[in-house]
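Open the model in your viewer and keep the selection tool at hand. The tour below goes stop by stop.

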Amino acid sequence: MTEDLKQYIEERFNRLETVTLIGTKEILTTEEALIYTGYSLKGLYKLTSTKQIPHYKRNNKLYFKRSELDRWMTERRVMTMQEIHSKATTYAATH
């Protein structure tokens, strides 16, 4: 096995371990929140500094509740075309 392949396998294993750990934790560190949300560090800092994302600060460290991140990431649902059509049909029938 080549050194590159060993390194690749180790990196993949570490990432899998991290993702599994994140799935079991309620309170996430900044690094874990980056992985969980898919945001960049710069993007996450911008969201926290403008108070657009729920977070906690303790000893100059940021923490995030996974359940609050879930709610925040899914709060602006976009309707499907079928839902829009159904709503328009109902509106047209009642007005």
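**Stop 1: two salt bridges**

Select K25 and E32: they form a salt bridge, and their closest N and O atoms are 2.8 Å apart. A salt bridge here is a side-chain nitrogen of Lys or Arg within 4 Å of a carboxyl oxygen of Asp or Glu.

Before going on, note that this is a predicted model, where local features need pLDDT of at least 70, side-chain atom pairs count only at pLDDT 80 or more, and totals for chains, interfaces and linings use all residues. Residues are numbered from 1 along each chain as its sequence is written, and side-chain values use heavy atoms, with hydrogens and water left out.

E32 counts as buried, at 10% relative accessibility. Buried means under 20% relative accessible area, exposed over 50%, and partly exposed in between (1.4 Å probe, protein chains only).

The structure holds two salt bridges. For the other, select R77 and E83, with closest N and O atoms 3.0 Å apart. R77 is exposed at 57% relative accessible area. E83 is partly exposed at 30%.

**Stop 2: helix α2**

Helices (H or I, at least four residues) and strands (E, at least two) are DSSP runs, numbered from the N terminus.

**Stop 3: the core**

Now select I22, L28, A33, L34, L44, L47, I53, L62, F64, L69 and W72. These eleven residues make up the largest nonpolar core. A nonpolar core is a set of buried Ala, Val, Leu, Ile, Met, Phe, Trp, Tyr and Cys residues joined through side-chain atoms within 4.5 Å. In soluble globular proteins, nonpolar side chains tend to be buried together.

Centre on L47. Leaving aside neighbours within four places in sequence, L47 is in contact (heavy atoms within 4.5 Å) with Y39, Q52, I53 and W72.

**Stop 4: the aromatic pair**

Keep Y39 and W72 selected. A search of the whole structure finds one aromatic pair. The ring centres of Y39 and W72 are 5.9 Å apart and the planes lie at 50 degrees, so the pair is tilted. Rings of Phe, Tyr and Trp (its six-membered ring) pair if their centres lie within 6.5 Å; planes under 30 degrees apart count as stacked, over 60 as edge-to-face and the rest as tilted.

The pair links distant parts of the chain, 33 residues apart: Y39 is in the loop between α2 and α3, and W72 is in helix α4. Y39 is partly exposed at 36% relative accessible area. W72 is buried at 15%.

**Stop 5: helix α1**

Finish on Y8, in helix α1 (residues 3–24). Y8 is partly exposed, with a relative accessible area of 46%.
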